[in-house]
Amino acid sequence: MFVRRAYLPTRPLTPADQARWPYTIPAVARLADQGVDFPTPVTLLAGDNGTGKSTLVEAIAVAAGFNPEGGGTSFRFTTRATESPLGEHLVLQRAPGRKPRTGFFLRAESYYNVATEIERLDADPDSPPLLGAYGGVSPHERSHGESFLDLVNHRFGPQGLYLLDEPEAALSVHGCLALLLRIADLVDQGSQFIIATHSPILLSSPGATILQIDAAGTIAPVDYDQAEPVALTRAFLADPGRFLHHLLADR
Ligand SMILES: Nc1ncnc2c1ncn2[C@@H]1O[C@H](COP(=O)(O)OP(=O)(O)O)[C@@H](O)[C@H]1O
Ligand SMILES: [Mg+2]
């Protein structure tokens, strides 16, 4: 465990700041009152689209020293700065005397740019070869899911801090299960994960804390069965025809 808690001190923020995005997102506003705890090596953030999961994961990544668009801590490229200023203000409470040996911030939506940066760094005669650490093939020459599994299997290592935003976007169901196993191995080797996800498979990570963000911005731990992606997917799969029938009839 490296990061135990994240919170937002309001003092450097002016009232004008607080009236602006991202502080207008209810979950971000609540960080100032309550903060958020990461009690276990795997924390999973669930919640509907727009509740602030990506904003939160990105801000934790920036506060931990990662590039806002993704990559390892040495990545410093920018294609289009869309990050919120939250990362500059968010405070991470770290476990005393423990520093990650490695880490990665992955956003499914901008991994293409990370892949381009990996190629660029690898081609730079002044920097050491890099592709080997990513499985030996440029991520642009693999499918999105293959390149992502290369990344977690080869580049991720023990005692790392990993921040992942919807990793399932790249992955098949098999791929999600492979990721789940890899996460369990890396946790056994002292790593920590904070993951925003809608995947009922990833949400089943053994020993994980699921924090569900609701529309009012409450960030609360829930059991696996109560997590919305799990409950809704289960209700759907129990009888897809019936579920769709009701959904279509309610239009
Ligand atoms: N660059 C931005 N500028 C203004 N608003 C944004 C920006 N990025 C996201 N938002 C808004 O912030 C809210 C939270 O977004 P996000 O953290 O991406 O949600 P989630 O990842 O939970 O789906 C949304 O209402 C979204 O429209
Ligand atoms: Mg998101």
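**Exercise 1. Describe the open sheet in this predicted model: its strand order, pairing, edges and twist.**

Solution. Begin with the layout. Six strands form an open sheet in the order 5-6-7-3-8-9, and the pairing is mixed. Next, find the edges. Strand 5 (102-107) and strand 9 (219-222) are the edge strands, each pairing on one side only. Last, the twist. From one strand to the next, the twist averages 15°.

**Exercise 2. Determine the sense in which strand 3 and strand 7 pair, and find the bridge partner of Thr43.**

Solution. Strands of a sheet pair through backbone hydrogen bonds, in either a parallel or an antiparallel way. Now locate the two strands. Strand 3 spans residues 42-47 and strand 7 spans residues 192-196. Their pairing is parallel, over four bridges. Then take the single residue. Thr43 has Ile194 in strand 7 as its bridge partner.

**Exercise 3. Characterize the surroundings of ligand 1, then its polar contacts and its cover.**

Solution. Start with the shell. Eleven residues lie around ligand 1, and Gly50, Gly52, Lys53, Ser54 and Thr55 come nearest. Sort the shell by class: two residues are nonpolar, seven polar and two charged.

Now take the contacts, with a cut-off of 3.5 Å between N or O atoms.

- Gly52: a polar backbone atom is 2.9 Å from an oxygen atom of ligand 1.
- Lys53: an N or O atom of the side chain is 2.8 Å from an oxygen atom of ligand 1.
- Thr55: a polar side-chain atom lies 2.6 Å from an oxygen atom of ligand 1.

Finish with the cover. On its own, ligand 1 has 570 Å² of accessible area, and the protein covers 57% of it.

Note on methods:
Residues are numbered from 1 along each chain as its sequence is written. Chains are lettered from A and ligands numbered from 1 in the order in which they are written. This is a predicted model: local features need pLDDT of at least 70, side-chain atom pairs count only at pLDDT 80 or more; totals for chains, interfaces and linings use all residues. Side-chain values use heavy atoms; hydrogens and water are left out. A residue is near a molecule or strand if one of its heavy atoms lies within 4 Å of it. A polar contact is a pair of N or O atoms within 3.5 Å; within protein, one must be able to donate a hydrogen and the other to accept it, and residues adjacent in sequence count only if both atoms are side-chain atoms. Accessible areas come from the Shrake-Rupley method with a 1.4 Å probe; for residues, only the protein chains shown count as cover. Ala, Val, Leu, Ile, Met, Phe, Trp, Tyr, Cys and Pro count as nonpolar, Asp, Glu, Lys and Arg as charged, and the others, Gly among them, as polar. Two strands pair if DSSP finds at least two bridges between them. Axes are lines fitted to C-alpha atoms, for helices over the stretch in contact, and angles run from 0 to 180 degrees between N-to-C directions.
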